[in-house]
Amino acid sequence: AQSVTQPDIHITVSEGASLELRCNYSYGATPYLFWYVQSPGQGLQLLLKYFSGDTLVQGIKGFEAEFKRSQSSFNLRKPSVHWSDAAEYFCAVGEGADGLTFGKGTHLIIQP
Amino acid sequence: DGGITQSPKYLFRKEGQNVTLSCEQNLNHDAMYWYRQDPGQGLRLIYYSQIVNDFQKGDIAEGYSVSREKKESFPLTVTSAQKNPTAFYLCASTPSYGSEAFFGQGTRLTVV
């Protein structure tokens, strides 16, 4: 069965500092990988996705992620965070139409 | 604008009552999903439907029921058999195989 692990429940970063959120997955083949962001009380918004090809993918809001097959990882990065980036971030894996499997999320706190 | 509409945003239920959460999409997507979100648990799949008049159980279907009579609509009923229904419920849809999921804004259900 596929699974997603986000090892960091909470991460605190100073405004303007760089950010990396970790995601590891377990899947039988090359998966479709996603990063979503959620503001409190809201739905999820897609940041970026990886299906195939270039292992470094660019997303919205200045985010990027790198797929590393050898490490089964899909870490999310941003060079300089803004206070508005404070939110919950979810990594997800999936293939087909039977739904995505989500990690438990990482809560990002931005210090002024 | 195309999107997914969930209603109501907040819902209160007395113990022993059934309640129905609405999910409507005008994206012309074939597949629709219901997820439950609890703090620190990520999103867990309740039910999904890949085509009208057909649906499958997800990981936590006990105490829930769904219908898919129209492509645009996928209502979720939380029955009295669901022992701990207080949660945030998210509806999503996908356009095709392997595509990212598009989410509604969620319904927060509270048992009083």
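Visitor: How many disulfides are there over all chains?
Guide: The count is two over all chains. Keep in mind that this is a predicted model.

Visitor: Which residue is joined to A:C23?
Guide: A:C23 forms a disulfide with A:C91, with an S to S distance of 2.0 Å. The torsion about that S-S bond is about -65 degrees, so the disulfide is left-handed.

Visitor: What parts does the pair tie together?
Guide: A:C23 sits in the loop between β3 (19–21) and β4 (24–26) of chain A, while A:C91 belongs to strand β10 of chain A, so the link ties together parts that are 68 residues apart in sequence.

Visitor: Is A:C23 buried or exposed?
Guide: Buried, because its relative accessible area of 0% is under the 20% cut-off. A:C91 is also at 0% relative accessibility and counts as buried.

Visitor: And B:C23, what is that joined to?
Guide: B:C23 is joined to B:C91, with S to S at 1.9 Å. The torsion about this S-S bond is -75 degrees, and the link is left-handed.

Visitor: Where do B:C23 and B:C91 lie?
Guide: B:C23 is in strand β3 (residues 19–25) of chain B and B:C91 is in strand β9 of chain B, so this pair ties together parts 68 residues apart in sequence. B:C23 is buried at 0% relative accessibility, and B:C91 is buried at 0% as well.

Visitor: What about the second largest pocket, what is its volume?
Guide: The second largest pocket has about 350 Å³. Its lining has 26 residues, with A:V37, A:G43, A:L44, A:Q45 and A:L46 the closest to the centre.

Visitor: Which element supplies the largest share of that lining?
Guide: β6(A), with four residues. At least two residues each come from β5 (32–38), β6 (44–50) and β10 of chain A and from β10 (102–103) of chain B.

Visitor: And how many are nonpolar, polar and charged?
Guide: In the lining of the second largest pocket, 14 are nonpolar, nine polar and three charged.

Terms used. Residues numbered from 1 in each chain as written. Chains lettered and ligands numbered in written order. Predicted model: local features only at pLDDT ≥ 70, side-chain atom pairs only at ≥ 80, totals over all residues. Heavy atoms only, no water. 1 Å grid on protein atoms, 1.4 Å probe; cavity = no way out; pocket = protein on both sides within 12 Å on 5 of 7 lines; lining within 4 Å. Points joined across faces, edges and corners; volume = space filled by probe spheres on them. Nonpolar A, V, L, I, M, F, W, Y, C, P; charged D, E, K, R; others polar. Disulfide = S-S within 2.5 Å. Buried < 20%, exposed > 50% of the residue type's maximum accessible area, 1.4 Å probe, protein only.
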